[in-house]
Amino acid sequence: MKLCAECRERRAALRRPRNGSELCKECFYLALETEVHETIVRTQLFRRGERVALGASGGKDSTVLAHILTTLNARHDYGLDLQLLSIDEGIRGYRDDSLETVKRNERQYGIPLTVCSYKDLYGWTMDEIVAQIGTKNNCTFCGVFRRQALDRGAALIGADKIATGHNADDMAETVLLNFLRADTARLGRCHSIITGQEGSLPRVKPLKYVYEKEIVMYAYFKNLDYFSTECTYSPFAARGLAREFIKDLELARPRAIIDLIQAAEQFRIQGDVGRPPSQPGTCSRCGYLSSQKICKACLLLEGLEKGRPRLGIGRVKQGAA
């Protein structure tokens, strides 16, 4: 029987993927929570008294985020007003079921829950959109709408920041995708733990350096209540290919995930290469933050309404239609 490498008293229950240390459950909980706390303090993610909207999907990442932030908020007296914010994309058999999990989390953690739906905000559900456009570009629509819906929901509840459950694997996948797309503008900022500082609702990623495997183990050992079914349309997403590649890299070299993130953190763009020339402004139609006269969401909606769903996909010049 191997003893925990930290306390030397209890039996080791797991081996940490990132460094191979063998810990008991209790020492693993403390180590992970302490690392997240140190990340929060080092990067100054929060200020006392802020209202923070926790993006809650009901999945493992957002559930662990809610649990850990609730724990750390009490343990270290952050003085944060935590709120759960869920987006109902309108995916039957997936989001309707996962929202039930979020509603249970609301009761378990004592955090108020607000739900915003695509149908109410845009007049369309994702099921309706996929019925019109198919599965090839559905993630483009969902990604754009979801980002805006989170901002609108957070503004509705008077939040100062939005916290999401993006983990280290998610960050590494994004870095890889932007590199493969030669998207230097996004590659230069996709690693940031704080984004959207130019607007009124910055987004923060407290779990940026936490491996997905450790999130799974934390949720499992803590017996957290979360929804584990993948999105109905996720098999058609390009991100899935990057995810498989990252997993293969991790098998060969566990530090590959952190190495990708740190490589992006050191990435520098000289001059104006890859940077959009326009300055952040607001959409002339909906008033949402946009670097263009008409935001991406409004262009996508226009395409749907006109029966031309590809109108807002890709780098289409506004006014060309």
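Modeller: At the start of α7, a side-chain oxygen of Asn 167 comes to within 2.9 Å of the backbone nitrogen of Asp 169. This is a predicted model, in which local features need pLDDT of at least 70 and side-chain atom pairs count only at pLDDT 80 or more, while totals for chains, interfaces and linings use all residues. Residues are numbered from 1 along each chain as its sequence is written, and side-chain values use heavy atoms, with hydrogens and water left out.

Biologist: What makes the approach of Asn 167 to Asp 169 a polar contact?

Modeller: A polar contact is a pair of N or O atoms within 3.5 Å; within protein, one must be able to donate a hydrogen and the other to accept it, and residues adjacent in sequence count only if both atoms are side-chain atoms. The pair here is an oxygen and a nitrogen within 2.9 Å.

Biologist: How do you know what span to expect of α7?

Modeller: The expected span is 1.5 Å times one less than the number of residues. Helix α7 (residues 168-180) has 13 residues and reaches 18 Å from its first C-alpha to its last, close to the 18 Å expected.

Biologist: Why is α7 called largely enclosed?

Modeller: Eleven of its 13 residues are buried, so α7 is largely enclosed by the rest of the structure; buried means under 20% relative accessible area (1.4 Å probe, protein chains only). Among them are Met 171, Val 175 and Leu 176. The cover over the buried residues of α7 includes α2 (60-75) and α10 (239-252).

Biologist: What follows α7?

Modeller: Just after α7, Ala 182 takes a positive phi of about 55 degrees.

Definitions and conventions: Helix = DSSP H or I, 4+ residues; strand = E, 2+ residues; numbered from the N terminus. Buried < 20%, exposed > 50% of the residue type's maximum accessible area, 1.4 Å probe, protein only. Contact = heavy atoms within 4.5 Å.
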